Structures are given as C-alpha cells and as structure tokens.
Amino acid sequence: SYRFVKAIIDTGFLGKIDSFDIREGLVYKWPVASDFFFRRETAGGGVLIDTGAYIMDAVQFWFGDCKSLEYLDDNMGGVEANCEIHLEMQNGTRGYIELSRTRDLRNTAIIRGERGTIEVSLQTSRVWVYPKGLDTKVAGSVLEAQTFTATGESLVDLVKAELEDWIEAIIGKTQPRVPGEEGRKSVALIEACYRNRKPLELPWLSPRLSK
C-alpha cells in the first residue's frame with residue numbers, strides 16, 4: 001500500500017501535494033520482561049525512535065527530503081510517550097505527525113493534493129481515495145499486480161515480504177529493495193527532532209486551566 005501511494009503521488013493523480021496529516025497511536029500494552037524500553041540510556045528514546053522510525057521512512061519515501069521541522073514531546077527526563085512534529089519538505093509540502101503510546105489515534109496517513117485526497121492505513125493494506133469534486137470515494141485493499149492476490153491483513157503477512165527481501169539480500173541473491181542509505185535518512189531526521197526538542201503542552205499542566 002505504501003508503494004501504491006508513492007505511485008499515486010508520482011504519477012500526478014492528486015496533482016500538486018499540499019499537505020499530509022499522519023496520526024499513529026495505541027495504548028501501550030506489549031508484555032515486557034524488563035524496563036529497558038522505558039529508559040533513555042537503553043532504549044535511546046520513546047515513541048519517536050520506535051514507531052516514528054517507520055513514519056519518518058514513509059514520509060521521506062513519499063515526499064522527499066525534509067527542509068525544516070518543529071518537534072515537541074512530553075519527555076520529562078525519561079522517554080517520550082507522546083510527540084508532535086511539524087514538517088516542511090524540500091518540495092514545499094507541509095505536514096503534521098502525531099505519535100502516542102497512551103492514546104488510540106486514527107492510525108492513518110491523509111495526503112491532500114489539488115485534485116483529491118488519499119488516506120492509507122498505517123497498520124493494514126487498506127487505502128481510501130477521494131477525488132475532488134465527487135461525492136463518492138474509492139476504498140479497498142491494495143493488490144499485487146503480478147498475482148492479483150490481496151496482501152494479508154495480519155502483522156505476519158504484512159512484514160513477510162520485508163523479511164524475505166532482507167534474507168535474499170543477506171545471502172547475496174538480490175540487492176535490497178530499500179538500501180541502507182534510506183534507513184540512515186530516517187535516523188538523521190529522528191536525531192534532528194531530538195536536537196530541536198520543545199516541551200509538548202499537556203492539558204493537565206496548562207496554566208490556562210489553573211486560572
């Protein structure tokens with residue numbers, strides 16, 4: 001589905017891309033054996049370096065390199081559970097990203113262009129297309145053109161192709177679909193966020209509420 005969205009953007013179906021709005025969040029409930037995931041010295045960070053790695057990769061895959069950013073999170077000496085990122089890409093597209101470990105969010109990316117809007121699930125292969133000027137939308141799961149079989153909806157199905165590509169590259173049969181240089185771009189963007197961190201305003205700490 002991510003490659004499908006990339007093709008939709010590159011072919012000009014949506015026209016010039018104006019903005020994107022990405023929100024991914026779930027109440028954290030993975031079983032844990034230790035507290036390493038919640039300590040900065042062992043985990044490196046919180047929701048941004050975890051979930052955000054996938055989102056930063058997708059954003060640069062779809063829209064190219066980042067020009068400037070504003071980053072806010074709720075880290076108070078530990079790791080962040082919530083963060084917001086405002087981005088301007090080199091091509092002029094502006095976007096907003098919200099990530100959370102404490103709230104169930106929309107879990108989709110919405111991309112708005114001059115000719116319409118596309119929304120893609122961040123956890124399944126489902127997409128929605130809204131052409132401008134029509135009262136209808138097109139929705140469904142992305143199919144593989146070569147086999148005409150639907151991509152599975154389970155987590156195992158969704159990462160199967162990634163693991164197969166990785167293994168094939170290791171044993172020397174093929175070049176990886178995504179080279180390491182692309183992964184480094186995501187790491188660099190995450191590091192830029194942490195360097196430019198601002199505190200995220202929390203409703204229960206807002207001075208406006210105490211007046």
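Which residues do ring pairs link into a cluster? The cluster consists of Tyr2, Phe20, Trp62 and Phe63. Rings of Phe, Tyr and Trp (its six-membered ring) count as a pair if their centres lie within 6.5 Å; planes under 30 degrees apart are called stacked, over 60 edge-to-face, and the rest tilted. The structure holds eight aromatic pairs. One of them joins phenylalanine 37 to phenylalanine 38, with 5.9 Å from centre to centre and 80 degrees between the planes, which is edge-to-face.

This is a predicted model, in which local features need pLDDT of at least 70 and side-chain atom pairs count only at pLDDT 80 or more, while totals for chains, interfaces and linings use all residues. Residues are numbered from 1 along each chain as its sequence is written, and side-chain values use heavy atoms, with hydrogens and water left out.

Burial is described by relative accessible area: buried means under 20%, exposed over 50%, and partly exposed in between, with a 1.4 Å probe and protein chains only. Phenylalanine 38 has 37% relative accessibility, so this residue counts as partly exposed. Serine 1 is also partly exposed, at 24%. Serine 1 sits in the segment before helix H1 (2-10). Helices (H or I, at least four residues) and strands (E, at least two) are DSSP runs, numbered from the N terminus. The C-alpha atom of serine 1 is 8.4 Å from that of serine 121, although 120 residues separate the two along the chain.

The next topic is the interior. A nonpolar core is a set of buried Ala, Val, Leu, Ile, Met, Phe, Trp, Tyr and Cys residues joined through side-chain atoms within 4.5 Å. The largest such core has 33 residues, and Trp62, Ile97 and Ile111 have the most contacts inside it. Helix H3 (residues 47-63) gives the most to this core, namely eight residues. In soluble globular proteins, nonpolar side chains tend to be buried together. Contact here means heavy atoms within 4.5 Å. Beyond its neighbours within four places in sequence, isoleucine 111 is in contact with residues including Val5, Ile9, Leu14, Ile17, Phe20, Trp62 and Phe63. The partners of isoleucine 111 also include Ser19, Gly116 and Thr117.

Leaving out residues up to four places away in sequence, threonine 51 touches Glu24 and Leu99. Aspartate 21 belongs to strand E1 (residues 17-25) and is buried at 11%. With residues up to four places away in sequence not counted, aspartate 21 touches Tyr96, Arg106, Thr108, Ala109, Ile110 and Arg112. Asparagine 107 lies in the loop between strand E4 (94-100) and strand E5 (108-113). At 10% relative accessibility, asparagine 107 is buried. The phi of asparagine 107 is positive, about 60 degrees, although the residue is not a glycine. Most residues other than glycine have a negative phi.

Strand pairing can be followed from E2. Two strands pair if DSSP finds at least two bridges between them. Strand E2 (residues 66-73) runs antiparallel to strand E3 (residues 82-89), and seven bridges join them. Serine 68 has glutamate 88 in E3 as its bridge partner. E2 also pairs with strand E9 (residues 197-199), in the parallel sense and over three bridges. In this pairing, tyrosine 71 stands opposite arginine 197 of E9.

Helix H5 (residues 180-195) has 16 residues, which at 1.5 Å a residue should span 22 Å; the end C-alpha atoms are 23 Å apart, in agreement. The expected span is 1.5 Å times one less than the number of residues. The buried residues of H5 are Ser186, Leu189, Ile190, Ala192 and Cys193. They cover an arc of only 155 degrees around the axis, so they lie on the same side of H5. The arc is that of the directions from the helix axis to the C-beta atoms. On the other side of H5, Gly180, Glu181 and Arg195 are exposed. The cover over the buried residues of H5 includes H3, E2, E3 and E9.

Leucine 189 shows this packing at residue level. Leucine 189 is buried, with a relative accessible area of 7%, and touches Met56, Gln60, Cys66 and Leu69 when residues up to four places away in sequence are not counted. From leucine 189 to alanine 53 the C-alpha distance is 9.1 Å, and the two are 136 residues apart in sequence.
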